[in-house]
Amino acid sequence: MNQNIIYGINGPVVTVKDTDSFEMMEMVHVGVQNLVGEVIGITDRLTTIQVYEETTGLKPGDPVTGTGAPMNVLLGPGIIDNIFDGIERPLKAIEEQAGAFINRGASVNSLDTERYWNVTMKIKAGDKLEGGQIYATLPETPIIEHRLMLHPDLSGVVTEVKPDGDYKLFDTVAVIEDDLGEKHELKLCQQWPIRTARPVKDRLTPSIPLITGQRIMDTLFPIAKGGTAAIPGGFGTGKTMNQHQLAKWCDADIIIYVGCGERGNEMSQVLEEFSELIDPKSKRPMTDRTVLIANTSNMPVAAREASIYTGITLAEYYRDMGYHVAMMADSTSRWAEALREISGRLEEMPAEEGFPAYLPSRLAEFYERGGRVNALCSDEGSVTLIGAVSPQGSDFSEPVTQNTKRFTRVFWALDKALAYARHYPAINWIDSYSEYFNDLDPWFREHLGDDFVDYRNRISALLQEESSLMEIVKLIGSDVLPDDQKLVIETARAIRVGFLQQNAFHAEDTYVPLEKQKLMMKVILHLHAKAKEVVAREIPLSKVLELGLFDKLTKMKYDIPNDRLEMFDQYIEEIDTKLGELLK
């Protein structure tokens, strides 16, 4: 363990002079309080360290001690139903020890080392183990089985196995001997460097949708399990609300929610909501499958930069067990601002808007760690990455949004005008897109029929046509439009209000199964087709509107319960009857 002294301090950046003791990306302890830091630059004269805690009180001459290992996190049971800061310090345990505020240099184990876990061994003496193979299991929560995996860099023959029973985190449950004759003790945990992606057997095509229960996302702009998505939007457009909805309702097995530079009240709201919410699949509290990483805006800026990597490392760990994990990063703009601030203190040459020139490569590194894979344990798992972006003034041309678009395949563009009009989710259906249609359409056709894809395409076409017509309406008014074009505008209004707009606080509307989404589209398109026949017979559109059918369709999302889908047949019968009388 190498020890040197501080030469200079500039905010979270500390320099050490005349040393070749440290390695690049090595984790170090700074000052007498052992603040956690990481080596980020080495020259023949200076070693540069970024400190993940407040540096107030540090002075030249204070000691800097190397650990000989990169910045890493502890992986093991106890991660789920926990809340960590950006460098995996457990905030609940720190509160019990030191109160509401984190003391600098707080030294608390990331996971509870005194808790006993009921371990079931899956191996026996003489077995040959490869990296990533599962050697034991234990119930981490009532709905998540924790699978203990051999470190990916290890392999060997099992020489000793403990019996099933209760063990603590650092207890040895088995011993293996590698090809060189060296013995390795297997415990309930392992460490992994946060900036290194965990290895997989092979990567798979993202061909299964992540079902969210949010109509505009599932139907018009779907995301795959193992996919990547961006939610850009200005202040007040609902980025955090959308991510809360996704975290609550998407069909991932495990949720990793990273609050990166967000306001403290938003993170406390997440904690309160998730502790009260019941998971619709398991009927257990949502916290039984959720991990929260809170690095609020008043926490040290360097730890904000690390929080994204901590989150993705935890996500990859559960993916390697064979789980489908969804990670919400809220927001990557605050993470990019942390990069910019540290880059400025390092006196690096700035690029566009002061962001460092390596911003695109860092974003790419992060989003490339998502994906659907065959894990080393031979099970299929995935990490779906959904990052919020907060462009100043809703300017989507700024660097973080533009570079995020390069590395994500779904773009849910939030619209300030829609948000101010109380249209939620405020996703603009013209500016948004998904590149997963070719990958996901076979799944939709198999599980929902060819007509689901056909309905979606027709809905999209009507919304595009309405957008073009509204340009004319703005110039010369709607009175000059023929009835068939007015019908397009009326149908598009029913789609916007009755289908795309969704109420997160309504019991039937907060989550909508895919079958109901399909039938809602079917009824809207059926009304449009029948009304088109009426208008073609030169019957005024006003006669159709007087029947109140369009207004009724805007309320069907509330009027038809999710378990009473046969009621859609009554709507189709009513449409046929009333419009049939008009045709007579």
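Biologist: Which orientation do α11 and α13 have to each other?

Modeller: This is a predicted model, in which local features need pLDDT of at least 70 and side-chain atom pairs pLDDT 80 or more, while totals for chains, interfaces and linings use all residues. Residues are numbered from 1 along each chain as its sequence is written, and side-chain values use heavy atoms, without hydrogens or water. The axes (lines fitted to C-alpha atoms over the stretch in contact, with angles from 0 to 180 degrees between N-to-C directions) of helix α11 (residues 450–476) and helix α13 (residues 514–536) come within 10 Å and cross at roughly 55°. Angles under 35 degrees count as roughly parallel, over 145 as roughly antiparallel, 65 to 115 as roughly perpendicular and the rest as oblique, so α11 and α13 are oblique.

Biologist: How many nonpolar residues does the contact of α11 with α13 have?

Modeller: Contact means heavy atoms within 4.5 Å. On the α11 side the residues include Phe 452, Tyr 455, Ile 459 and Leu 462, and on the α13 side Leu 514, Met 521 and Leu 525 are among them. Ala, Val, Leu, Ile, Met, Phe, Trp, Tyr, Cys and Pro count as nonpolar, Asp, Glu, Lys and Arg as charged, and the others as polar. The contact has five charged residues, one polar residue and, of the nonpolar class, seven.

Biologist: How many residues of helix α3 are buried?

Modeller: Helices (H or I, at least four residues) and strands (E, at least two) are DSSP runs numbered from the N terminus, and α3 covers residues 239–249. Buried means under 20% relative accessible area (1.4 Å probe, protein chains only), exposed over 50%, partly exposed in between. The buried residues of α3, including Leu 246 and Trp 249, pack against α2, β19, β20, α4, β22 and β24. Of the 11 residues of α3, the number buried is 10.

Biologist: Is Thr 48 buried or exposed?

Modeller: Thr 48 lies in strand β5 (residues 46–51). Beyond four places away in sequence, Thr 48 touches residues including Val 13, Ile 40 and Leu 346. Because its relative accessible area is 15%, Thr 48 is buried.

Biologist: How many disulfides does the count come to?

Modeller: A disulfide is a pair of cysteine sulfur atoms within 2.5 Å. The sulfur of Cys 189 is 19 Å from the closest cysteine sulfur, in Cys 377, which is too far for a bond. Cys 260 is in no disulfide either, as the nearest cysteine sulfur, that of Cys 250, is 20 Å away. By this rule the count of disulfides is zero.
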